[in-house]
Amino acid sequence: IRQLLERGISVSGLCASHTAQLPTCSGVEYIHLPKFSDFQDWLAQEKNTKNFDGIFHLAALSDYGVSREIEIKIDSSKAKLDLEFVQLPKLIKLPSVRKIPFKMACKYTDANTRASRQKACHLLNDNKLDMVFWNWGKESFGHAQTTNGLLFLQTDENQIVIESKNQIASL
């Protein structure tokens, strides 16, 4: 972000969470939308994205959300509540996002395996992205802490293996 700002490129930070906060950085315009539906509606409006030169889609979203939100207190007399989940749309597939010239997304998997790599490559190719930041590690999948790995995948089949924080900063 610092390098973009130093080059005179405007940077916007979009956050769709009622609890998460983006780290503050001088010079960044922040747009905070507490609900996924608000975030989706904002991104879907081309007037909001038409001046974007690139998007770094660093979403850590669930593939599913509750089917309907309620704004009232839930009756506490019921012994059991049923939740219904629906599949959320893929924001990277929105027509307004597809028009952004440079697109990078993130993929997190449990390991550096052929199957996991194929998932990252599908994200890259199926969505016509310029780059995918692929990260793997088992601790988020209920396993003991393991070493994470990082790899950038590019559309020209180039791979950049990341071995240090300094290497990330130099990209």
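Let's start with Glu71. At 65% relative accessibility, Glu71 counts as exposed, because the cut-off for exposed is over 50%. A word on the source before going on: this is a predicted model.

What does the Glu71 side chain meet? It meets the side chain of Lys35 in a salt bridge, 3.1 Å from N to O. This pair links distant parts of the chain. Lys35 sits in the loop between E2 and H2, and Glu71 in the loop between E4 and strand E5, residues 85-87. They are 36 residues apart. Lys35 has 30% relative accessibility, so Lys35 counts as partly exposed.

How many salt bridges are there? The count comes to three. Another one joins Lys99 and Glu46, with the closest N and O atoms 2.8 Å apart. That pair also links distant parts of the chain. Lys99 is exposed, with a relative accessible area of 55%. Glu46 is partly exposed, at 38%. Then there is Lys80 with Asp82, at 3.9 Å, N to O. Both of those residues are exposed.

Now to helix H2, residues 36-44. Which of its residues are buried? Phe36, Phe39, Trp42 and Leu43. Seen down the axis of H2, these buried residues fall within an arc of 130°, so they line one face of the helix. What covers them? The cover includes strand E1 (11-15), strand E2 (28-32), helix H3 (46-49) and helix H4 (95-98).

Trp42 brings us to the aromatic pairs. The structure holds three of them. I'll take two. The rings of Trp42 and Phe52 have centres 6.3 Å apart and planes at 40°, so this pair is tilted. Trp42 lies in helix H2, and Phe52 in the loop between H3 and strand E3 (54-57), so the pair ties together parts that are ten residues apart in sequence. Is each ring's residue buried or exposed? Trp42 is buried, and so is Phe52.

Next, Phe56 and Phe102. This aromatic pair is tilted as well, at 5.9 Å centre to centre and 55° between the planes. Phe56 lies in strand E3 and Phe102 in strand E6 (residues 102-109), so the pair ties together parts that are 46 residues apart in sequence. Phe56 counts as partly exposed, at 43% relative accessibility. Phe102 is partly exposed too, with a relative accessible area of 29%.

Leu123 has 18% relative accessibility and counts as buried, because buried means under 20%. What does Leu123 touch, leaving aside its neighbours within four places in sequence? Its contacts are Ala105, Cys106, Lys107, Leu129 and Val132. Take Ala105: the C-alpha atoms of Leu123 and Ala105 are separated by 8.0 Å, and the two residues are 18 apart along the chain.

Last, the surface. Which residues make the nonpolar patch of about 440 Å²? Tyr64, Val66, Leu83 and Phe85. Tyr64 belongs to strand E4, residues 64-66. At 45% relative accessibility, Tyr64 counts as partly exposed.

To recap: three salt bridges, three aromatic pairs, a helix H2 with its buried residues along one face, and a nonpolar surface patch that includes Tyr64.

Terms used:
Residues are numbered from 1 along each chain as its sequence is written. This is a predicted model: local features need pLDDT of at least 70, side-chain atom pairs count only at pLDDT 80 or more; totals for chains, interfaces and linings use all residues. Side-chain values use heavy atoms; hydrogens and water are left out. Patches are made of residues with over 30% relative accessible area and no salt bridge: like charges are joined within 9 Å, nonpolar side chains (Val, Leu, Ile, Met, Phe, Trp, Tyr) within 5 Å. Accessible areas come from the Shrake-Rupley method with a 1.4 Å probe; for residues, only the protein chains shown count as cover. A salt bridge is a side-chain nitrogen of Lys or Arg within 4 Å of a carboxyl oxygen of Asp or Glu. Helices (H or I, at least four residues) and strands (E, at least two) are DSSP runs, numbered from the N terminus. Buried means under 20% relative accessible area, exposed over 50%, partly exposed in between (1.4 Å probe, protein chains only). The arc is that of the directions from the helix axis to the C-beta atoms. Contact means heavy atoms within 4.5 Å. Rings of Phe, Tyr and Trp (its six-membered ring) pair if their centres lie within 6.5 Å; planes under 30 degrees apart count as stacked, over 60 as edge-to-face and the rest as tilted.
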